[in-house]
Amino acid sequence: MKHSAMARPRTSRASFSTPNPPPFFDLLSLTILTSIFSPKKLPRTLNPYLSLFFLSLLTSLAFLAISTVNFLHSSPFYADPCSTKSSISFPLMPSSSQSRLLLSLLSPVASSTHQNSPKLSTSVMVPLPVHVVASNLSDEETEFWKQPDGEGYRPCLDFSLEYRKESAKISKEKRRFLMVMVSGGLNQQRNQIADAVVIARILKAALVVPVLKVNLIWRDDSKFSDIFDVEHFKNTLRADVRVVSSLPFKHFKLKETKIPHDASPHWIRARFGTQLNQEGLLILNGLDSKLSKNLPFDLQKLKCKVAFHALIFAAPIQELGNQLTRRMWIEGPYIAIHLRLEKDVWVRSGCQTGLGSDYDTVVAKFRNLQPEYLTGRINMSHIQRRRAGLCPLNALEIARLLKALGAPKQARIYTAGGEPFGGKKALQPLIAEFPNIVTKYTLAREGELLPFINKSSAMAAIDYIVSLSSDVFVPSHGGNMGRAMQGHRAYVGHRKYIKPNKRAMLDYFDDASISETELGIIVRKVHRRSQGQPEPRTKRKDLDVVAYPVPECMCKRNTDSV
């Protein structure tokens, strides 16, 4: 889906709810009038019936124009292109008419249409609407599908007057440039790109389109343009930071620099400001989660703008993701689970697979050969890691969690993630309890995934698109995908997101004396406040605004004033 936004003038204060007629109608009217009534072309004697015909035609076109403008004005996705503020407003729950609009937006034609200037209110990746809960379900099943109360929070990216004044100069910067090397998987890349934009803004520098480093684990050599829509990225951010495809000059002293953890805007300006002024170029590497989480409101809003508006996927990925989403959605409600069962996950987490000693031995040998991959606490046993909630839930544990939460046995489940270590055996406990398991491989038709084979970031992007429209999302392990989905689902209306409380529930899973009924009551109670409700970031300042967009990027506002 590609949509665009006009640059907002900063001197006038046009009302958000006052639309300007699309220029198409001005052009159409002018063309017809000049072609029919131009003095050079007007015949000396005009047939009265022909005149009546032209008059009727013009009247009909006028009514058509007025009706279309009224429709655009009444649409909840319409934003005034000349608004002085970069602000957004979305409906909390799409109606049936909005559902049809969303379906049309997810059509291949709509998703491939490119325009020059995305509007914030339409550039966000919007999921398909949640399904209506059937009336013949049990109380537990009904509760499982029920969406959380969004409490009236809506996206609001109202940048301050000072920020908007500074934008006039920063968005035209042509002397100082920031280059950033980003690494890791898709969602790790997204986090670093958002930080790169913020750092460029802090330094008042132009940003070169980020360079994606070859992924050492998955051997993915994709470029930025293979994964993301470059022109959309540039246009969406053009009022905030100037983004260029390449440096306008040759630079032979390519010196990469890293930043420390929790780097503040003040530290960044003090450390790099002079260097950037003197050399005209700063190259940063290793950005992963090192920028401070506690930024001024305007910079927090900018991070949200990058994550939820600027970083849409390249057309081939978006179109296939939309197709797979429609195939899942049209059959009814579905659950998306991000299963972290890949071999590298078990190696890095220091946990056991649950598949038996043979599989655990293979993982242990690989871990001993490359101990640098271990990201967990070295001084903890695998049992201590699991009890501390540091291990991914395996297929059996996910199945028990879903069953305890009230998921119907016939629920359709889309599993996102890479190939599980152990293959079908690893998934067997989940399939035994919930037989309707679907992956991108089974959902895609012959040949559709061929362009993305061995492209892990593209495959992860397809999972992202399908997962976003699910009625319920459950991550089996914390991580970048889980945090990205948590924030994005909150941003588009607080769609249900169940965050497994592993530390609280695993002891009950291991207690054979507890019946399934008792376990269900306990698990539902444990997760009552972790199902996607608004969770203000202010409760913990170390949280990333992209995962917790309330209150910096979402606020409660009177709908009458929008």
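Here is a friendly conversation about how some strands, a lysine and the disulfides of this predicted model get their labels.

Colleague: Let's begin with the strands. What makes β2 "mostly covered"?

Modeller: Buried is the label for a relative accessible area under 20%, and six of the six residues of β2 (residues 177–182) carry that label. Both faces take part: F177, M179 and M181 point one way, L178, V180 and V182 point the other way, and all are buried.

Colleague: Why is β2 said to pair with β7?

Modeller: Pairing asks for at least two bridges between two strands. β2 and β7 (residues 281–285) have five bridges, in the parallel sense, so they count as a pair. One place to look is F177, which stands opposite L281 in β7.

Colleague: And how do you know that β3 and β4 count as partners of β2?

Modeller: The cut-off is at least two bridges. Two bridges join β2 to β3 (residues 206–208), and the strands run parallel; L178 has L207 as its bridge partner there. The chain gets from β2 to β3 through helix α8 (residues 186–203), in a right-handed β-α-β crossover. Two bridges also join β2 to β4 (residues 211–212), again parallel, with V182 facing its bridge partner L212.

Colleague: Why is β9 called largely enclosed?

Modeller: Because five of the five residues of β9 (residues 412–416) are buried. R412, Y414 and A416 point one way, while I413 and T415 point the other way. As for partners, β9 pairs in the parallel sense with β8 (residues 334–338) over five bridges and with β10 (residues 437–438) over two bridges. I413 stands opposite I437 in β10. From β9 the chain passes through helix α18 (residues 424–433) to β10, and this β-α-β crossover is right-handed.

Colleague: K425 lies in that helix, α18. Why is K425 called partly exposed?

Modeller: Its relative accessibility is 44%.

Colleague: What does K425 touch, leaving aside its neighbours within four places in sequence?

Modeller: K425 is in contact with L355 and Y359. The side chain of K425 also reaches the backbone oxygen of L355 at 3.5 Å.

Colleague: On to the cysteines. How do you know that C156 and C555 form a disulfide?

Modeller: Their sulfur atoms are 2.2 Å apart, and the rule asks for a pair within 2.5 Å, so the pair qualifies. C156 sits in the loop between β1 and α7, C555 in strand β13, 399 residues apart. C156 is buried, at 4% relative accessibility, whereas C555 is partly exposed, at 21%.

Colleague: What makes the disulfide of C304 and C553 right-handed?

Modeller: The torsion about its S-S bond is about 90°, so it is called right-handed. This pair joins C304 in helix α12 to C553 in the loop between α23 and β13, 249 residues apart. Both C304 and C553 are buried.

Colleague: And why is the disulfide of C351 and C391 left-handed?

Modeller: Here the torsion is about -90°, so the label is left-handed. The sulfur atoms of C351 and C391 are 1.9 Å apart, and the two cysteines are 40 residues apart in sequence. C351, at 3% relative accessibility, is buried, and C391 is buried at 7%.

Colleague: How many disulfides does that make, and what pattern do they follow?

Modeller: The count comes to three disulfides. Counting bonded cysteines along the chain, the pattern is 1-6, 2-5, 3-4.

Definitions and conventions:
Residues numbered from 1 in each chain as written. Predicted model: local features only at pLDDT ≥ 70, side-chain atom pairs only at ≥ 80, totals over all residues. Heavy atoms only, no water. Buried < 20%, exposed > 50% of the residue type's maximum accessible area, 1.4 Å probe, protein only. Helix = DSSP H or I, 4+ residues; strand = E, 2+ residues; numbered from the N terminus. Right-handed = clockwise from strand over helix to strand, strands pointing away. Contact = heavy atoms within 4.5 Å. Polar contact = N/O pair within 3.5 Å; in protein donor to acceptor, adjacent residues only side chain to side chain.
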